[in-house]
Amino acid sequence: MSDTRWDTSHKLSEVLSEYMRDNGTNTAMLERRAASLWNYIMGPTITKNTNSVRVKDGIMYVRLNSSMVRAELFNMKARILAEINKQVGQEAVKDIRFM
């Protein structure tokens with residue numbers, strides 16, 4: 001009799017990845033990772049002008065305290081988005097909204 005619970009042919013990482021994907025946990029973890037990378041990617045100058053960063057449903061919301069920085073980042077949006085997703089390892093962020 002074959003019981004899939006005891007099938008050891010799957011790696012633990014594969015099982016955990018499948019579980020997280022099926023339960024939406026993986027998406028939430030990737031979004032948190034993307035938000036936590038903001039300061040690392042943007043550096044100290046942008047970080048000091050950033051009030052908050054959060055990601056929800058694939059959209060990164062960045063609250064800034066400078067309209068000049070907001071305008072500059074808007075022009076760099078595609079590059080920033082590409083770098084965040086590269087650092088995360090997959091497309092965790094589909095859009096960035098500067099507020």
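Here, a residue is called buried when its relative accessible area is under 20%.

**Figure 1. Phe98 and Trp38, two buried rings in a predicted model.** The model shown is predicted. With 14% relative accessibility, Phe98 falls under that cut-off and so counts as buried. Trp38 counts as buried too, at 0% relative accessibility.

Figure 2. Trp38 belongs to helix 3 (residues 38-47) and Phe98 to strand 3 (residues 95-98), so the pair ties together parts that are 60 residues apart in sequence.

**Figure 3. Arg54 over the ring of Tyr61.** Here a charged side chain meets a ring. Arg54 lies over the face of Tyr61, at 4.5 Å from the ring centre.

**Figure 4. Glu31, a buried residue without a salt bridge.** Look for Glu31 in helix 2 (residues 25-36). Glu31 is buried but has no salt bridge, and Lys94, the nearest side chain of opposite charge, is 6.8 Å away. Beyond its neighbours within four places in sequence, Glu31 touches Val55, Lys56, Asp57, Gly58 and Ala92.

**Figure 5. The whole chain, for orientation.** Five helices and three strands make up the secondary structure, following the pattern α-α-α-β-β-α-α-β along the sequence. Of the 99 residues, 32% count as buried. The accessible surface comes to about 7200 Å², and carbon and sulfur atoms account for 52% of that surface.

Notes: Residues are numbered from 1 along each chain as its sequence is written. This is a predicted model: local features need pLDDT of at least 70, side-chain atom pairs count only at pLDDT 80 or more; totals for chains, interfaces and linings use all residues. Side-chain values use heavy atoms; hydrogens and water are left out. Helices (H or I, at least four residues) and strands (E, at least two) are DSSP runs, numbered from the N terminus. Buried means under 20% relative accessible area, exposed over 50%, partly exposed in between (1.4 Å probe, protein chains only). A charge sits over a ring if NZ of Lys or CZ of Arg is within 6 Å of the ring centre and within 35 degrees of the ring normal. Lys and Arg count as positive and Asp and Glu as negative; His and the chain ends are not counted. A salt bridge is a side-chain nitrogen of Lys or Arg within 4 Å of a carboxyl oxygen of Asp or Glu. Contact means heavy atoms within 4.5 Å. Accessible areas come from the Shrake-Rupley method with a 1.4 Å probe; for residues, only the protein chains shown count as cover.
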